[in-house]
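Hi,

Here is the model I promised to pass on.

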Amino acid sequence: NKEGRNFWTYGGDYGENAPSDGNFNINGLLNPNREPHPALEEVKYTYQEICFYIVSNEVTNYQLKIVNRFFFTNLNDYEIYYTINENEKVVRTSILDVKLEPQEEKIVSIQINDLEPKKATEYFINLSVITKVDLPNIPKGFLVAHEQFKLPIESVEKDQPSITGDD
């Protein structure tokens, strides 16, 4: 503008007879400078081709189903790992050795029966899928899928303060 500030223009900013359908709101997934909007992460999550589902949500037998929704790609070039968090603190990390062909699924068991309930504590499992190697247009170490589930370990109740005295 005249004061030297940069700003984005669109549609009607170019006058009444400018070629435009008049439908410009800059509310897509990217800004005009290709800076991502937060919704782009939601779209990435929705479109991910490797999915996780809870099969058994029991402390003694926690099982997840991993589904390869790719039509032509196996998971040989991907690494699936998980972390178990006690609130925000990582208490365990492990790699799952899962080989899935296109459109296959597999149930895996994860040991959680050694996690102890604590006061004001929640446990979560965070699953991530990253590339092991450089792939066309995808660099090594790129996060292609993720999921989080709350584990079925209930927090111990807080101690109730005892009220004593002569009131």
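Below is what turned up, going from the overall fold to the sheets, the aromatic rings and the pocket.

First, some housekeeping. This is a predicted model, so local features need pLDDT of at least 70 and side-chain atom pairs count only at pLDDT 80 or more, while totals for chains, interfaces and linings use all residues. Residues are numbered from 1 along each chain as its sequence is written, and side-chain values use heavy atoms, with hydrogens and water left out.

The overall picture: the protein has one helix and seven strands, in the pattern α-β-β-β-β-β-β-β along the sequence. Helices (H or I, at least four residues) and strands (E, at least two) are DSSP runs, numbered from the N terminus. Of the 167 residues, 28% are buried, where buried means under 20% relative accessible area, exposed over 50% and partly exposed in between (1.4 Å probe, protein chains only).

Now the sheets. Strands pair if DSSP finds at least two bridges between them. Three strands make an open, antiparallel sheet in the order β1-β2-β5. At its edges are β1 (50-58) and β5 (105-110), each pairing on one side only. The twist from one strand to the next averages 25°; axes are lines fitted to C-alpha atoms, for helices over the stretch in contact, and angles run from 0 to 180 degrees between N-to-C directions. Eight bridges hold the antiparallel pairing of β1 with β2 (residues 61-68), and Ser 56 has Gln 63 in β2 as its bridge partner.

The other open sheet has four strands, ordered β4-β3-β6-β7, again with antiparallel pairing. Here the edge strands are β4 and β7, and neighbouring strands are turned by 20° against each other on average, direction ignored. Strand β3 (residues 78-86) has seven of its nine residues buried, so it is largely enclosed by the rest of the structure. β3 pairs with β6 (residues 123-131) over nine antiparallel bridges, with Glu 86 opposite Tyr 123. Seven bridges join β3 to β4 (residues 89-96), also antiparallel, and Asn 85 has Val 90 in β4 as its partner. The hairpin of β3 and β4 has two residues between the strands, and Asn 87 there takes a positive phi near 55°.

How many aromatic pairs does a search of the whole structure find? One. Rings of Phe, Tyr and Trp (its six-membered ring) pair if their centres lie within 6.5 Å; planes under 30 degrees apart count as stacked, over 60 as edge-to-face and the rest as tilted. Phe 70 and Tyr 78 have ring centres 5.9 Å apart and planes at 25°, so the pair is stacked. Tyr 78 counts as buried, at 9% relative accessibility.

Last, the largest pocket, with a volume of about 180 Å³. On a 1 Å grid over the protein atoms alone, a pocket is an open set of points where a 1.4 Å probe fits, with protein on both sides within 12 Å along at least five of seven lines; lining residues have an atom within 4 Å of a point. Grid points are joined across faces, edges and corners, and the volume is the space filled by probe spheres set on them. Among the lining residues are Lys 44, Glu 49, Phe 70, Tyr 78 and Phe 142. The largest share, three residues, comes from β7.

Cheers
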